[in-house]
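Please study the sequence and the model displayed below before reading further. The explanation that follows moves from the whole chain to single residues.

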Amino acid sequence: MAQPLVKKEDDRDDEVDYSPFLGIEKGAVLQEARVFNDPQLDPRRCSQVITKLLYLLNQGETFTKVEATEVFFAVTKLFQSRDMGLRRMVYVIIKELSPSADEVIIVTSSLMKDMTSKTDMYRANAIRVLFRITDGTLLTQIERYLKQAIVDKNPVVASAALVSGIHLLQTNPEIVKRWSNEVQEAVQSRAALVQFHALALLHQIRQNDRLAVNKLVSSLTRGSVRSPLAQCLLIRYTSQVIRESTNDTQTGDRPFYDFLEGCLRHKAEMVIFEAARAITELNGLTSRELTPAITVLQLFLSSSKPVLRFAAVRTLNKVAMSHPMAVTNCNIDMESLISDQNRSIATLAITTLLKTGNESSVDRLMKQITNFMSDIADEFKIVVVDAIRSLCLKFPLKHRSLMNFLSNILREEGGFEYKKAIVDSIVILIRDIPEAKESGLLHLCEFIEDCEFTYLSTQILHFLGIEGPKTSDPSKYIRYIYNRVHLENATVRAGAVSTLAKFGAMVDGLKPRIFVLLRRCLFDNDDEVRDRATLYLNTLGGDGAVVETDEGVKEFLFGSLDVPLVNLENSLKNYDPSEKAFDINSVPKDVKTQPLAEKKATSKKPTGLGAPPPGPPSTVDAYEKLLSSIPEFASFGKLFKSSAPVELTEAETEYAVNVVKHIFDGHVVFQYNCTNTIPEQLLENVTVIVDASEAEEFAEVASKPLRQLPYDSPGQTFVAFEKPEGVSAVGKFSNMLRFIVKEVDPSTGEAEDDGVEDEYQLEDLELVAADYMLKVGVSNFRNAWESMGVDFERVDEYGLGPRDSLAEAVNAVINLLGMQPCEGTEVVPPNSRSHTCLLSGVYLGNVKVLVRLQFGLDGPKDVAMKLAVRSEDETVSDTIHEIVASG
Amino acid sequence: MILAVLFANSEGNILVERFNGVPAEERLHWRSFLVKLGADNLKGVKNEELLVASHKSVYIVYTVLGDVSVYVVGKDEYDELALAEVIFVITSAVKDVCGKLPTERLFLDKYGRICLTLDAIIWKGYLENTDKDRIRRLVRLKPPTEF
């Protein structure tokens, strides 16, 4: 391969055709630059020296401040020469040298003279140089000339001034804004490029004035714009106007659509493409509006110009996300692009096809992709892997061929990021598609047999430890895991020991054999591996007795830590190694509450191995532990659901409080997370007084106050209510924070002895039907629906009244029921008149529920809905209907 | 904005590089990225046949012209089609200066004039002139003929 960073002068010695710059050296060129000071200037020689200087600069060579100043001063002398060629070179080198502010003064008078010169070309170039090197102060002196230049007859002069204006707008907008009239005149210029530059500048001047932009677009779309480049700009500004006006008014025809559509017949391909792209990016497109754009893009797909093919496939790739059906017509052309010489085009074609393909075309596509994968770079392969993962989640029945594909590419050569993407995808598929679990795990096992990445090996071993023991035949994984103990580095060996121990703890039948293997690890030459093996053998009963592992031991070895990792990390950092052992009980258990929005954002991320499943499972585990450690709540039984935190205070108030609703079969516990944001206060004996007069079925049974709430250290107080067992009672609760406040001396941090009792009003809290529903998805809704049977099916129809859109109605019902949308049916295609949404969940009492919602527009705005429920319990099916009827 | 214009010889050595709005610390990365892109893809490509790539919101159009390869990088309004226009202007102007498809030697012989040509075509990241004849006149400080 080429050596990219070698300079030209280090070139091959056997170069027959010597370079004119062979052996060029900065010091020597700077010496040569002294010719600029000669009283008798030799223009030819001076030009040659400037060329050498440019060559050095263009190769990334830099001059020190002193060197640059010296050259710059010498160059200014060259203004004495009348030679045109040399003058042109002087303009370029001054720009390249970028003299500092205190040096510029040397050259400004010469440039100002050129700017007012009768020679047009001097004027144009002087403008360009002046703008490059001067600041705003000088501009006011030359503004008059600049305004004249903008409307100069010579297009070169006009363009120089206009482009200068575009740059100047960033630093001195107030000056450029004064040129509006001249720029407006230049927009009408007969010279194509002047029009292009003037339009760009005029739009930038007016971009914050929507009305002015609207007027500009209106007038220009009626007239004729000469330059295709300017026409492209106009299309962009037009689509911006359309976007903004559509937001304002929801009614009527789309303004300017006809203009965009007309541009699809323009003679310049650039304009056609720009118009097509602008159309595809409009909001709420109808298929009638979209079709002409797709048609021209389809034509471009078979263009002989790679740039056009790339542009078209890139745009169609985006369209496929919002209107997959519209793109299916292009699939045949797209398939031929898979073998395109340009790999960017081929990758885009593949990923588009994966988005638009149907279940029956998956196998054919996979065959084509297999041939293609071997000759593209890793970054493209990662894109393809991501697309295949999405496809597999969309068509779970195809998991076999897609999983095979992933395992095949996992065996081929590739870098870390690529391999990680594949492993992450397999893990996600194993988690989401139960049928894919066993084959997926075996593929991962085979991969670690020959994996060069420690990170991936340990992650897979950890994952095997979680999923392997739950499979039908856990013993088949042991060989793969134990091989790691023999063949890997210490990190992987330690990981393998832990995984083995997990199998031993979870699968009693395997225990004796696992103990034999663990004992062999006692002689490992790494202390971490030995320590782990010793710990597991001692705690799991490796002394020979094969008994069921105690739950407490399992919890100790493999359970999640009941302290937040971040707190543990901080405590360990602060731990001073001494005779006193580190006590994990000293680690604070309070977590600083994240803002709600942030939590939502993180839980949406797709997760692979690198990030264990966030959100519900781990949070519920943590809540369960927390609640069971409080004696008052220990008798409530198993926690069914914990809600996301609901804010009870505005942002940035004195006290920040949010509440988590914990649902038990016969009880509800409100966990109030409180934060004191006032450094000068210490709150004590903090409780929430709850008024449940609007929640008749609830009776308060316990309240657990918070002893102290110091500044910026969150704490919790709890209130528990009894409710009828198994009933999804609803109601409204009003809340008042009550506490004793003590002043804190900021200098010492000590609180005064006496405090004052105070109260702080919080927002009301509602317990709704959705609080009794767990969001649990199913991978294949149709299968689940069929297997649930019609025994407890309840079907009814509802009128939802006038709604802004179908999507709004669908969202409202999903939120009301609190169920998990399946197979992406929560997304309503724009302008649909009907839509089917599939939901799944588990209701209080662990009853599985499936819901099929069919929406239709009845009249212009009225939405009608047919609700079909199937569940494992008749009363739950009825309850769902009651929730909808009363919601 | 046109972020970069780069010329390299057939071995990947840089002949001309001009960056606009690219921080100095990122230039080395871009330089090696572009040269690698060319080494991977330009073999066997016909003269002036355009190749295209994109990285996030940045577009790259590149081609071969005689013994040299040419790369232009742009973002925002300078997408792949606008860059195709830019590279077309550049290649035709370079051919015009060299009188034919440039060999490396010819390119270096005409180096000064090529710098002036680039200066006339792109000004601080914006396409300024597109017409070959006009560019030729601008380099010689002659006014355009058509006005």
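The structure is a predicted model. In chain A, 37 helices occur together with 17 strands. Chain A has 887 residues, and 52% of them count as buried. Its contacts may be sorted by separation in sequence: among those between residues at least 6 apart, 64% join residues at least 24 apart. The accessible surface of chain A amounts to about 42700 Å², and carbon and sulfur atoms account for 50% of that area.

H8(A) is mostly covered, since 15 of its 17 residues are buried.

Attention now turns to aromatic rings. Over all chains, the structure holds 25 aromatic pairs. One of them is formed by A:Phe416 and A:Phe453, an edge-to-face pair with 5.4 Å from centre to centre and 65° between the planes. This pair links distant parts of the chain, 37 residues apart: A:Phe416 is in helix H24, whereas A:Phe453 is in the loop between helix H25 and helix H26. A:Phe453 counts as buried because its relative accessibility is 17%, below the 20% limit for that class. A:Phe416, in contrast, has a relative accessible area of 27% and is therefore partly exposed.

A:Phe633 and A:Phe718 also form an edge-to-face pair, with centres 5.7 Å apart and planes at 65°. Because A:Phe633 lies in the loop between helix H34 and strand E1 and A:Phe718 lies in strand E8, the pair ties together parts that are 85 residues apart in sequence. Both A:Phe633 and A:Phe718 are buried. Ring pairs also link residues of two chains into a cluster, namely A:Phe21, A:Tyr55, B:Phe7, B:Phe107 and B:Tyr111.

The charged end of A:Arg144 sits over the ring of A:Tyr145, 4.8 Å from its centre. A:Arg852 lies over the face of A:Trp785, at 4.8 Å from the ring centre.

Finally, in chain B, B:Ala39 belongs to helix H1, residues 24-41. With a relative accessible area of 29%, B:Ala39 is partly exposed. B:Ala39 and B:Glu11 are separated by 28 residues in sequence and by 8.3 Å in space, C-alpha to C-alpha.

Technical notes
Residues are numbered from 1 along each chain as its sequence is written. Chains are lettered from A and ligands numbered from 1 in the order in which they are written. This is a predicted model: local features need pLDDT of at least 70, side-chain atom pairs count only at pLDDT 80 or more; totals for chains, interfaces and linings use all residues. Side-chain values use heavy atoms; hydrogens and water are left out. Helices (H or I, at least four residues) and strands (E, at least two) are DSSP runs, numbered from the N terminus. Buried means under 20% relative accessible area, exposed over 50%, partly exposed in between (1.4 Å probe, protein chains only). Contact means heavy atoms within 4.5 Å. Accessible areas come from the Shrake-Rupley method with a 1.4 Å probe; for residues, only the protein chains shown count as cover. Rings of Phe, Tyr and Trp (its six-membered ring) pair if their centres lie within 6.5 Å; planes under 30 degrees apart count as stacked, over 60 as edge-to-face and the rest as tilted. A charge sits over a ring if NZ of Lys or CZ of Arg is within 6 Å of the ring centre and within 35 degrees of the ring normal.
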